[in-house]
Structures are given as C-alpha cells and as structure tokens.
Amino acid sequence: MIRDRLRYHAPSDVKTACELLSTLPSPLVIGGGTIVTPRMNRGEQRGTDAVHLSRAGMDGIELKNGKLRLGATSTYTQVLGSDVARNAVPILRTVSNGITGGRQLRNQATVGGAASYANPASDMPAVLAVLQAEFVVANTDGYRSIPASDYFQGPFRTALRPRDLLVGMDLPTHDLAHGYVKFKLSESSWPIVTGAARIWRDTSGRVRAHLALGAVAPTPVVVDLTEFVNQSAAQLVPPAKEELADLIDTRLGDTWTDELAPGDYRRAIAATIGIRTLNKLNKEAS
Amino acid sequence: MALVEPPSRGARPTPGHAASAARRRSDGDLIITGRGNYLDDIRTSGVTHAAFVRSPHAHALILSIDVSEAQAAPGVLRVLTGEEAARHIGPIPHHSDPGDAGGQTRRVECLTSSEVTYVGEPVVAVVAEELNEAEAAADLVKIEYELLPAVLDARTAMAPDAPLSYTAWKNNEVQRTRFGEGDVDAVFASAPHTATDWVQMQRYQTTPLEPRGYLAEWPGDGRLVLHATTQLPHPLRSALAGMFSIPESDVRVVAPRLGGAFGHKFPNYPEEGAVCLLSRLVGAPVKWIERRQDAMLVGAREMSHRIGVAYDDDGVILGITDTIVCDTGALGVATGLGMTFVAAMTFPGPYRIRTYSVESIAVATNKPPWNGARGFGKESTCVAIERVVDLVAQRRGLDPALVRHRNLIPSGEFPYWTVAKRIDSGDYHTVLTKALELSGYERLCERRDEARRSGRLVGVGVAYELTPEGADFAGNLARGMDTTTVRVSPRGAVTVLTGVTSPGTGNETGIAQVVAAELGVAVGSVRVIQGDTDTSPHGSGNGSSRGLNLAGGAGALAARDVKARLVGDAGLILGVPPEAITITAGAVYSPRGYEMSVSDLTWQIYTTCLADPRISYEALESTRTYTPAGNLQHVPDELGRVTNYPTHSNSAHVCEVEVDAETGLVRLLGYWAVDDCGVIINPLLVRSQLLGAIVMGIGGALTEHSTFSASGALTSTSFKTYLLQRAPDLPTIHLAHHCTPSPFTLLGTKGAGEGGLGGASAVLNNAVNDALSPLGVRIHRLPLSAPNVHAAINGALS
C-alpha cells in the first residue's frame, strides 16, 4: 500500500512538468507507473507528489530532422501501432513485441520509463545504446541532449539530474538491418542477456555495424564490429564466437548480478547471445 | 530386445461410481467472470487495518523497542509489541511439537519479544484506520538489536562448531526420523553392484494466487469472529481458543472461498493471533492481507539426499539407503516439520525393495519457517529415488523404463506393506506401460538418438511417483477422519455441511455429485457448505487430498441414511414396500410408475408427520463421520509396522527435453503422464488437479527458487525474481488415467490433489541428466535453471 498521502499532478505540457519538478519537495515522476507504483506499494520509493506525465504531450512518435523522435511517454503499444516507427526504426517493433508482461503491460509501460529506470536487466538499454540514441532532456533551464554513451551510468542510474525530465529520444533511421535477441530463463524472467545489433551506412557512405549487449554489465556493452563488414557487399561477416568473446571482454568491467543470474554466467554466455544476435541481423539482411 | 517388458496384470479394476461425471464446477462461471468473492472482498463497517514490523536480521536479540513515534502517527489506533501481546494471549500451539518426539522445541509467540530468528519475523504490529497509515507508522517503529551469528544452510548448521540458530538450544538439529527394513549392511556387502548419488532439492514454495488474509472482530457478545484464508478452520478455532483462554464455542472461524492454498494456508501463523488480539484491543474489526513479499517468506522442500543403492546384473534393486538433510528454516509451529517425516516414510516409493534404511534429519537455520506444501516431502523422495533408478539403468546399460518394470511392485502383491505404510492398491506396470505408449516412448528415444548424432542435447525422462494420501497422525487436529451432514429441507433442497473445506479446487462439486447420486436427486439441487465453524461439523479441512475420500465418504453414508428415510416414508405413503421404491433424478417411482417428485415427498413428510402416525417426525438429515479405518494402523503390529496414509495414488511420467549446450537453458519439448487415483468422481476436477501438480513440479524442477542474500534476507520477493511456469513455457501436457479402486475407501477413491508434482520434478531431472549424458555430465542440484545447468556442463558443480 502506498504509504504517503501523495498530491497528484497531471501537467498539460513539458514546461509545467519541469516547473513542478523544480518546486515540489519530493516529486515522483510517473510515466506509465508500472515501475514506480509497485515500488511505492512495497515502500521502496517514497515522495510527496506524484507527477503523472500522461497529459504532458510527450507521447509523440514522429520524424524530425531525419531522426525519429520517440516521445518518452510512448507506450510499447503505441510503438507497435506506429507506421512511422516501424518503417524508420524497425528494431523498436521487434523489441516492443517481446516486452514481458503481455498486453496489459505494453499498454501502460513507456519506453522513457524504462530508459529512466535503467534496470540493467531490461530490454531498452541495449537497444537505445546500439542505436546511439540522443536523450532529450528538459528542465526549467531549457533543453539539452545526452548521448547514449553518457546516458546509462550504472545500475538504475542515468545522467538525469534530480529535476530533469526525459522528454524523448532521437533515434537514427533506416538502418540496413537489425537484430535483437533476448535470452531469459523463462517466460516471466527478466532478460539475462540481451543482444541488439544494427548495420547502417554512415554519412560518409561507410557501412558500419555495432552490437550492444545488455544485462551483462551495469550498463550496455557496445562493440564496434565495422571491421567485420564487407564494404562492397554491405554485409557483416560475424567474428568467431571466441573472437567476439575477446572483444566483449576488453569492453567489460564489472558484470551485472541480480536475483536471477550471477555476473559470471552472463559473461560466459554473452558471446553466444552476441553471435545469435548477429545471425538474426544477417538473416534479416538477406 | 524390446525396450518394455509386458506388464504383469492384476485383477481388472471396476472403475467408476454412480456419481462419476465430468461436471463443471458449480462456481466456475462465477470465478472466471470475476464475481467470486474472496476474503479481501468482505465489506465490514468500521474496519481497521494491520501492518507488521518485521525483523531485518536473521538472528538477533531485541534490546529495545520505541513505538512512540508510530503511536503518534496519523490514524494509528494501537501499536502492539510482543511483550504486551504475551500479557494477553498464550503462545501459538505447535501443529506437531518435536519436543513430544524427543526433539528440540521452542515456544513461538505471535510477536517476538526477545530473540528474532529470521528476516521477516513479526516483532511489532500496528493497527490504524487506513492500511497506508498502518504501514507508514510501522516504518516509524525503532527497534534496537544486538546481532547474533546466523546460520543459513543446513550443512553448516550441522557442523559441531556451528552458530546456534536459536540460542536456547544445544545444537541446530530439531529431530531425526528413521525407517528401515532388512539388513542393509549385508545386502550392500554382498550385492553385485553398488552406487551412490546425491540430489539437492532447493527451497521453493506454493505461491497461491490469493495470499493469506485475516479479518477479525469481536462483535460485542464476547465472541471472536475470524474470517480467515485457512485450510483448517476448526483446528484454527481450537488454536485461537487456547491462545485466548476462551471456549471454542466463543470462537467462530469462517474460511471464505480460497484462491489456492497448497499448504500455504495451513494455520498457526503469527498473524492469526495478532490480528485477533489487535481487534480486541482497539474494539473494531481488523483486517490484514498478506503482501506477496510476505507470502514469499514461507518455505518448504529444501532437502538434500545422499543415497546409496545395491543392485544386481539385471538392474533389480536389492537395497537402498538415504540420508535426508532438511533445512527447515527457523522452527515454526505450522505443519512444515511434518514433511521431514513424510519424506522418509515414502521410501522406497513404488518399488519392491525389501531392504532399505532411511534417515531424515530436520535442521533449523535462520531462514523463515516452513509450512506444509503440496507434495509434503513425497516429491523430494520421488526425485531422489527416481534419480537412483536411472543411475542403475545407466550403470547396467539398460533402458530406464525396463529397470522400472523390473522393480515396481507387482499388481498381485497389493495391499503391500512396508514398515511405515500399507499401499492399498495399484497396477503399476500397466500405468507405466500406458505412459510409455501414450508418449510413443520408443520413437522418442529414436528421435533423441538422431538428435544426438547431430550434436543436440536431447533427453528423454521416465519417472514413477507414489503419493501417499489421506494422512492421519495422532497428536494434532489434522486427522484422517471427517464429518458430513446431509440435510433435506421441506421443499426437497439438499444441504451438505462438511468439515472438509475447499482450497479452491472445486471439491464441493465432487461432494455434491456423490450426495446427489446417493440420494437420487439432481446435482444442482445439492448445496455444499464448508468452512464455517458455526455451521459445519468439526473437521480437518483441506489437505492430503482428503476431500472426496472423507467428505465424499461421510456424505455418502449420511445420504444413504436419508435415502432410507425417504424410501421408507414413500413406501408408507404410497402403500408399497420400501424396497419397491426407486428414487432417481429427483423423482419417486413405485412399481406403478412415477408417483411424485422428491420435493412433493419431503413436503408431505414435513407437513404430515405426527398427524400421520406412520411417518416419522425425525429430521430429514444425518451426520456421519468417515475414515478408511481399514488401512490405518497407529499401534505397531508384531512386525513393527504402522500406516498413517490409507490410500496411495501413483503416476507414471515421460518427458522430452532439449538442453541448449551454450547457455544451459532447458526447453521442455513434450510431456505425458498417466495417473491412478482410484475411482474418479469428476474427471474434470482430477484433470485440473493433475495438470496443476505437474506444472508445479515442472516449476520446481526448472525455475522456482526461494533465494536469500548473504545476510539471510529473502531476495525472491516477487514473481519477477521467483519464476513460475507460464503457459508459453509449457508444451501440451498429455494425460491419461488408469483406475485401481482403493479397497479401503468407501468410494474407491485415493485422492488427487498432490499426485503428479513429484513425478514431474523427477522426470525433468532424469530427462535433463539424460540429455547431458553424452557430455559425461550429471547434475545434482535443482532447480535445473540455465545457470545451474551451464555450471554443471562446465564442470563448476561437483
């Protein structure tokens, strides 16, 4: 049961929301509420005011300056229903389809909420990392952008400051192919290791490939695989598993351990999931 | 050579009962449409809410408690410490006190006042006008502890210099149970072959969809009324009467519809007495609903087996030994400890092994206590025995199914005695053969071998489960008899009142079927009332698959009494001999044909008795108590044998798995099972029970695990950290039934609430080990989760 007598706020725009966050003594930001509400029920999160973003106009999905602006309060169902998202950043559809919790959760949970919570063992960090998302953040001083490489700072820790509001994410469009694999222990399990890969042509015309592994470490591990791209065929030739394991190890510091699996296990299977992700990417490319 | 020997068949059973029918449960539509009310749906004016402050430490002394800030918090009506509670009520009675059997025991209060022995132990209770106020105030209670060394696993706890889990004890051993027959040493010394193995069952629990809850009030007439999610309302009433030193007649316990129980709702929890006391102290109804993280505290099943087997060249098992170490957590007073006894008693399972020696050691640690859990220790024994049977097959190069056929108790040998039970009936060879045929076993094995040739780790498992049911242990109130009243009202409505309760399984539908069949009325005209100690006869509620055996048996006897009255009075009224009267489908027939409806008959009886001197004025009702006494023996016979379980369901299981060698993930590809629970009254109910038990067993084998931090705090506190099986995890489960009626129960039933759980865990364990066999790897530690299997593959587990 939520212990605090919360005051409820439903700001109608980003500016009002930022003003609330800057003035309220202990605000709780609620996107879809699927993370915060259970935590409040268990007494793990306390506050004075609930700032519910559902009416703040932050759920748009649109193309903007050649990128996809994904509003922070877009639900997974909205992502799945968006033609723009499907055509521009198809990996979003792939990952949204597999969000654990079924339709009830996908109708309620938001992409921005997952990005703000930054649970290492969740779907979005690796996807947003491999996409090199730009996180659009607002506060009463204005807007700023945070690159994904700086955004995820640790388990349940991001570059957001206490009074910041994550407004949306700018994502690159029209990759050549993508792959996404989620390895979990059972249907209801958190991800144990996620793999997200993309191959794309950069502005210089060079074909590039990245692989991001989630839940292996406190933050996503991104491996640049461009050296394995056959530029003339615009095709990734995946490294051998052992070689990929070495590449991952060089980028891996601490591993992530939670209630479901130890870090050593995640490290041990990371390359396997990575190879499976790359195989998916190539399957889609073909 | 054929993989499967032909079975030796016993006498053909005579399955079925007049009541047998695949009838949908009477409240099924209500529940599936969300209209079924549960405890938390009860509306009471002026209700207040309780919250508990629980120990954050696995082992500590309480130095001081400061409740002043909590007491002053908004909405708070009362803050209760253990010291104050002990001034009002006595300790919680043990369901079965190990001290009575020479073990170590302890006094358990509803709130601990001096020494906490696990993280989550209730220390202070708060009652407030609103639940959020109670929980907020609970956060304000300040407790000063002196930390003590804690012990968190049984092996460590058994070491000579281990920290004590409870400071007043001399060591951490609670009790030992031994069973055996024959000269084990001689058999092992002379056997052509011997082998040893070990199996570690993890701690996991039952996770009913609806957690516990209590709503207590003292309406002003001096009586306590407690609505409780309990499987045993009458024993709970007696426990509360004892704690409050009031007559049982001053306590009414009502168990509303339960949303699952599985042992989790056996009584003697601290919150029961505490909620009742809070209600009396504040003079208002008090409600407490268990949170999921609290429900997850309850433990069960953490047993390790070190097992030895002696066998001959043909795979015939000559002797078996097992030492079972049971990590029971802190000693509780609910039913959990009994599982350590039953695990040993279940040996040697369904097999004709005349020489065996089993010792079960219950060890207390600083984890939360056990309560009973579906399977009740039998599932652990099943996993251990079935692993060893496979080991014998492997060592002799024989098919596991063949080795089972060579060792199962032959059908002609029932009733079959061991020192601790008399197995009532069975046709094990046929059940196993049916399961092998159902699964296409030989084809499965061929498919496995083909897969192996391409490098895949595919395994096929076989297991056989024996499930003793209908427990009757003297010394507590969960006994092996029960009482049912059948009452027919003036317009012919039939009310059945029984001491058996439903844990949410729908057993009331089966009971109604039995009574309706005996009376000759429609099932829909029979209403079954359970769970209210003011209206139902004294009984032992729900547990050990006793519903149809006992409530059905007693109901059949009572219905026969009433039927005799109806037939007799109808004969007098109609002027024909009673034996010429037939009552069926609510209609009364004489040799002349249809005469009247049953409701016309009962109306005549009620309205004309005394005036018509031929018709008795005795009430149209009967109360009967039933037990399968013919197969219960508490006093050892000349051979030292006893039997506390009158019936023995059994089942054969086959499954196919594939192990992902790179990750250790086990995928269940196919599952087949055949059970024999005796006569089936309602195939739909039996099927649902069997499916549920199998899925629970699969979960126990693969994913379910209560995990703890290094400091003893439960870390699997939600369904994201405690992984249940969901439909997409499972293949279609193919079921078939075989029936050997129990000769000792009135209806021929054996019980169908638990069977399948142990078999499922065992067959998964065997299949995964089969899958890993090309790698020369054996896995001993459950759950067979991907990290555990991966570690076994990579040699990290010894």
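Over the ring of which residue does the charged end of B:Arg491 sit? I looked it up: the ring belongs to B:Trp603, and the charged end is 4.4 Å from its centre. I counted a charge as over a ring if NZ of Lys or CZ of Arg is within 6 Å of the ring centre and within 35 degrees of the ring normal. I also noted B:Arg301, whose charged end sits over the ring of B:Tyr204, 4.2 Å from the centre.

A word on conventions, friend. I am working with a predicted model, where local features need pLDDT of at least 70, side-chain atom pairs count only at pLDDT 80 or more, and totals for chains, interfaces and linings use all residues. Residues are numbered from 1 along each chain as its sequence is written, chains are lettered from A and ligands numbered from 1 in the order in which they are written, and side-chain values use heavy atoms, with hydrogens and water left out.

Next, the sheet. In chain B I found an open sheet of four strands with mixed pairing, in the order β18-β26-β27-β28. Its edge strands are β18 (457-469) and β28 (733-737), each pairing on one side only. From one strand to the next, the twist averages 15 degrees. β18(B) pairs with β26 (residues 647-659) of chain B in the antiparallel sense over 13 bridges; B:Tyr464 has B:Ala652 in β26(B) as its bridge partner. For me, strands (E, at least two residues) and helices (H or I, at least four) are DSSP runs numbered from the N terminus, and two strands pair if DSSP finds at least two bridges between them.

Then the helices. Helix α13 (residues 428-439) of chain B lies across β18, β26, β27 (666-676) and β28 of chain B, at about 30 degrees to β26(B). Angles run from 0 to 180 degrees between N-to-C directions, with axes fitted to C-alpha atoms, for helices over the stretch in contact (heavy atoms within 4.5 Å).

Last, the rings. B:Tyr428 and B:Tyr464 form a tilted aromatic pair, 5.2 Å centre to centre with 45 degrees between the planes. B:Tyr428 lies in helix α13 of chain B and B:Tyr464 in strand β18 of chain B, so the pair ties together parts 36 residues apart in sequence. B:Tyr428 is buried at 0% relative accessibility (buried means under 20% relative accessible area, exposed over 50%, partly exposed in between, with a 1.4 Å probe and protein chains only). My pairing rule takes rings of Phe, Tyr and Trp (its six-membered ring) with centres within 6.5 Å; planes under 30 degrees apart are stacked, over 60 edge-to-face, the rest tilted.
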